[in-house]
There are 2 protein chains.
Amino acid sequence: MTATTREQCLSLDRQDPLRPLRDAFALPDGVIYLDGNSLGARPRAAAARAAQVVEQEWGEGLIRSWNTAGWFELPQRLGNLLAPLVGAGEDEVVVTDTTSVNLFKVLAAALRVQGLRSPARRVIVSERSNFPTDLYIAQGLADLLQQGYSLRLVDSPDEIDAAVRDDTAVLMLTHVNYKTGEMLDMAALTELAHARGALTVWDLAHSAGAVPVALRESGADYAVGCTYKYLNGGPGSPAFLWVAPALRDAFWQPLSGWWGHAAPFAMEPDYRPRSGVSRFLCGTQPMTSLAMVECGLEIFGRTDMQALRAKSLQLTDLFIALVEARCGHHPLTLVTPREHARRGSQVSFAHPQGYAVMQALIERGVIGDYREPRIIRFGFTPLYTGFADVWDAVEVLRDVLDSGAYEAARFQTRTAVT
Amino acid sequence: MTATTREQCLSLDRQDPLRPLRDAFALPDGVIYLDGNSLGARPRAAAARAAQVVEQEWGEGLIRSWNTAGWFELPQRLGNLLAPLVGAGEDEVVVTDTTSVNLFKVLAAALRVQGLRSPARRVIVSERSNFPTDLYIAQGLADLLQQGYSLRLVDSPDEIDAAVRDDTAVLMLTHVNYKTGEMLDMAALTELAHARGALTVWDLAHSAGAVPVALRESGADYAVGCTYKYLNGGPGSPAFLWVAPALRDAFWQPLSGWWGHAAPFAMEPDYRPRSGVSRFLCGTQPMTSLAMVECGLEIFGRTDMQALRAKSLQLTDLFIALVEARCGHHPLTLVTPREHARRGSQVSFAHPQGYAVMQALIERGVIGDYREPRIIRFGFTPLYTGFADVWDAVEVLRDVLDSGAYEAARFQTRTAVT
C-alpha cells in the first residue's frame with residue numbers, strides 16, 4: 001500500500017486528483033516546503049490581489065473603497081467562505097484581528113456567560129503543552145480580572161477528565177497540537193465539558209484547512225483560528241473567530257470597537273453591539289493582508305476537506321514509513337500519534353540534535369521547523385505537497401543524518417515562529 | 001497674505017518648498033482629495049513594497065523571512081521611524097494591531113498602575129465627543145473589570161478641569177477631535193491630570209503626521225494612534241502605541257501574546273513580558289499591510305513637522321477665508337477653531353444639508369467626508385495638497401451650493417469611516 005520507491009511515489013502523484021491544485025501556488029525552485037503549518041505557501045493569485053488593493057482600491061478608490069470595493073463587508077464575506085472548512089454555518093464566522101486577540105475576546109465572553117450562569121466557576125482548564133500564546137492570553141485575562149480567576153494546566157489529554165470540575169468555567173484546548181501534531185476528539189471533549197457545566201474554547205490554528213472540523217456538529221461553544229498556516233492567507237493574515245449561535249448574543253465582548261457597533265457610522269457615544277458574530281469585530285482591519293485571505297480560501301473551494309484529509313493521511317503515513325525504513329538506525333523518536341484519528345496534518349520526530357538537524361535540512365532546501373525541545377516538525381499540505389516530495393525530503397534527511405552534516409550546522413538565530 | 005485669486009494660489013504652489021513631495025504620491029486624476037484624515041493617499045513606493053512582500057518575502061522566502069526579511073523586528077523598526085513625528089524617543093514606539101486594541105492595552109495598563117498606587121481611583125474621564133470607538137473600548141474594559149470602574153464624559157474641554165477629581169484614574173483624550181478639528185493642549189491637560197493624581201492616555205489618530213506632537217516634553221503617560229490617516233500607511237495599516245519609559249515596565253498589559261514574551265521561541269507555558277515597549281506586542285502582524293507603513297513614514301523623513309505645520313495652517317486658513325468669502329451667503333457655520341493653537345489639520349463646517357452637500361462634492365471629485373450631525377469635513381495633508389487644490393475645491397463647493405445641485409444627491413449608503 002505504502003510506496004517504497006521513488007517511482008511509486010511519482011506514480012501516486014500522477015494518479016492524485018488533487019495534483020492540479022499545486023499549480024495554484026507559487027513555490028520557490030529547489031525547495032520542498034514542509035512548513036505550511038507555520039506559514040502557508042503563496043497562492044499565485046495573491047500577487048494580483050495585493051496589487052489590486054494597493055493600486056486600485058487604495059490608490060484610485062481611496063476612502064470610497066469602503067463601499068465600492070466591499071471593505072466594510074470583507075470580514076463577514078471571508079468568514080462565509082471559511083465556514084464550511086470548519087463545520088460552521090453562514091454568518092457564523094468573521095475574519096479579523098489576530099488569533100491571540102480573538103482568543104481574548106471569546107475567552108472573556110465565555111467567562112462572562114459563566115459569571116452570569118454559575119459565578120463560582122472561575123477556572124480555565126487547558127494543556128501545559130497548548131500553544132504558549134493561548135496560555136499567555138488566558139493568563140493575561142485572568143490577571144486582569146483578578147477575582148480568583150485562574151488556569152489549571154494538565155500534562156496530558158488523559159488528565160482533562162479529572163481536571164474539569166465544578167469550579168471549571170472553560171475548557172480551552174487547541175484541536176491539533178502545534179508540537180506533536182496530536183489531534184483531540186472535539187466532540188467527546190466538548191461533551192465531557194458540557195456534562196460538567198463548562199464551556200469550550202477551541203483553537204483551530206493547526207486544524208483549519210488541515211483536517212475536517214465539525215464545530216456545529218460537535219457542539220463546540222467558541223473557536224478561533226489562523227488563516228496564514230494551512231489556509232495560505234499570507235504572512236500574518238488576520239485570524240478568524242466563531243461563536244455558537246446560541247451564545248453569540250449573550251454578551252458583548254470587551255474589545256468593543258467601532259466595527260462591532262450596531263450603528264457604526266451614527267457615532268453614538270455608547271456602545272451597542274451588532275447582532276450576530278459581527279459584534280466580535282473591533283477596529284479597522286489591514287485590508288491588503290485581509291483581502292489576500294480570499295486567494296487561499298478560493299483554492300479550497302475547488303476540493304473538499306474529505307479529499308484533502310485522505311491525501312494528508314497518505315502523505316503523513318508515507319513520511320513516517322519512509323523515515324522509519326530509511327533512517328531507522330538514527331535516534332529518531334516518532335512524537336506524532338500513529339492512529340489516524342489522533343493525527344493532524346504534520347509529523348514530528350524527536351532527535352537529540354533536533355535543532356542542528358533542522359538547520360541542515362533547511363540549508364539543503366527541505367524546510368520544516370524546529371520546536372523546543374529536540375523536535376523536528378514537518379507539515380504536509382495536500383494542496384501543494386506531493387508524494388515524490390515526501391520521498392525526496394526523506395532522502396535528504398537520511399543524507400543529513402548518515403553524513404553527520406548537521407554537526408556543522410550550528411546557528412545562533414532561531415527561525416521558529418508558531 | 002491670504003490668496004484671493006486662483007493665480008495667487010498657483011503662485012503659492014510654485015513657491016512651496018514642500019511641493020515636490022506631492023510626486024511621492026499616486027493621486028487619481030480628476031480628484032481633489034481632502035479626506036487624508038480618514039484614509040491617506042497612496043505613496044507611489046507602496047505598490048512595489050507590497051509586491052516585494054508578497055512575491056519575494058512570502059513567496060520565495062516563506063517562513064525564513066521572519067529572519068531574512070526582518071519581519072520579527074518590523075514593529076520596532078517602524079516605531080523608531082515614527083517616533084520623531086510624535087516627540088518620542090528611540091525604542092519607545094511599536095507599530096502593531098489596531099488603535100482600538102492598543103487603546104485597550106494602554107488603558108488596562110494605566111488602570112492597573114493606578115490600582116497599585118491609588119486603588120480608589122476608578123473613573124476614566126473623557127469627552128462625549130471623543131471618537132466613539134475610544135469610548136466603546138473604555139466601556140468594554142470597565143464592563144469587563146466591574147469593581148466600580150466607570151466613565152465620566154464631559155460635554156466640552158472646559159469641563160475637564162472640574163471632572164478630573166480624586167476618584168479619577170485616567171484622563172483619556174483625543175488630541176485633535178475627529179469631527180471639529182479642535183486640538184487640545186496636551187501639556188496643560190497632562191499637567192492638570194498629574195496635579196490631580198490621574199494618568200493620561202492620548203489618542204493621536206488625527207495628530208500623528210498632521211501636527212507637531214511632543215509626547216515626552218508634555219509629560220504624557222500613554223499614547224496610541226493610527227498610521228492610515230495622515231501617515232499614509234494604507235487601508236487599515238497597523239496602529240502605533242507609545243508608553244512613557246517610566247511606566248513601561250510597571251505592568252504587563254492583558255493582551256499578553258507571544259510577541260510580547262521575553263523569550264518568544266522558548267515556548268514557555270508562563271508569560272514573562274519583554275522589557276520595554278515591545279511587551280505591548282501581542283499576536284502575529286499582517287506583514288504586507290505592516291510593511292507598507294514604511295513607505296509613508298519615509299516621505300516624512302524628507303521634511304519635518306514644523307514645515308508641514310506651517311503649510312497646514314496656510315492651507316486651512318486659506319480654505320476658511322475662501323469659503324467665507326465665496327460661499328458666505330449659504331448657511332455654513334465654521335466648527336473648527338480659528339485660533340491656530342487650537343486647530344488640527346482639518347476644517348469642518350456645519351450645513352443643514354451636510355450629508356447631501358458632501359455627496360454632491362464627492363460626485364464632482366472633491367472628496368471630503370460627512371460626520372453626524374450636519375458636518376462636512378475637509379482634511380488638509382500638506383504633503384500632497386496644494387493651494388490651487390484649495391481654490392478649486394472651494395469653487396466646486398460654491399457651485400454645488402449656488403446651484404442647489406446637492407438637493408438631488410440623496411443616497412442611502414453612508415461612506416463615513418473614522
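Is B:Arg398 buried, partly exposed or exposed, and at what relative accessibility? The first view takes that up; note that every panel shows a predicted model.

**View 1. B:Arg398 pairs up with B:Asp402 on helix α14 of chain B.** B:Arg398 counts as partly exposed, at 26% relative accessibility. Its salt-bridge partner, B:Asp402, is partly exposed too, at 41%, and the N-to-O distance between the two side chains is 3.4 Å. Over in chain A, salt bridges with shared partners link A:Asp35, A:Asp369, A:Arg371 and A:Arg377 into one network.

**View 2. A:Arg152 reaches A:Asp167 in chain A.** Here the closest N and O atoms of the salt bridge are 2.5 Å apart. A:Arg152 belongs to strand β6, while A:Asp167 is in the loop between α7 (160-163) and β7 (168-174), so the bridge ties together parts 15 residues apart in sequence. A:Arg152 is buried, with a relative accessible area of 19%; that counts as buried because the cut-off is under 20%.

**View 3. Chain B has a salt bridge between B:Asp167 and B:Arg152.** The N-to-O distance is 2.5 Å. B:Asp167 sits in the loop between α7 and β7 of chain B, and B:Arg152 in strand β6 (residues 150-154). B:Arg152 is buried at 18% relative accessibility, whereas B:Asp167 is partly exposed at 23%.

**View 4. Chain A meets chain B.** Rotating by 180°, with 0.0 Å of shift along the axis, puts chain A onto chain B at an RMSD of 0.0 Å. That's a two-fold axis relation. In all, 89 residues of chain A contact 88 residues of chain B, and the buried area comes to about 7,500 Å², with carbon and sulfur atoms giving 69%. A:Trp58, A:Tyr136 and A:Met267 supply 11% of what chain A buries here, more than any other three residues. The copies meet through the same surface, because 99% of chain A's interface residues are interface residues in chain B as well.

**View 5. A:Arg112 bridges across to B:Asp143.** Their side chains come to 3.1 Å, N to O, and the count between the two chains is two salt bridges. Also crossing the interface are 27 residue pairs in polar contact. On chain A's side, α6(A) gives the most, with 11 residues. That side divides into 49 nonpolar, 26 polar and 14 charged residues.

Note on methods
Residues numbered from 1 in each chain as written. Chains lettered and ligands numbered in written order. Predicted model: local features only at pLDDT ≥ 70, side-chain atom pairs only at ≥ 80, totals over all residues. Heavy atoms only, no water. Least-squares fit on C-alpha atoms with pLDDT ≥ 70 in both. Contact = heavy atoms within 4.5 Å. Buried area = accessible area lost by both parts, 1.4 Å probe. Salt bridge = Lys/Arg side-chain N within 4 Å of Asp/Glu carboxyl O. Polar contact = N/O pair within 3.5 Å; in protein donor to acceptor, adjacent residues only side chain to side chain. Helix = DSSP H or I, 4+ residues; strand = E, 2+ residues; numbered from the N terminus. Nonpolar A, V, L, I, M, F, W, Y, C, P; charged D, E, K, R; others polar. Buried < 20%, exposed > 50% of the residue type's maximum accessible area, 1.4 Å probe, protein only.
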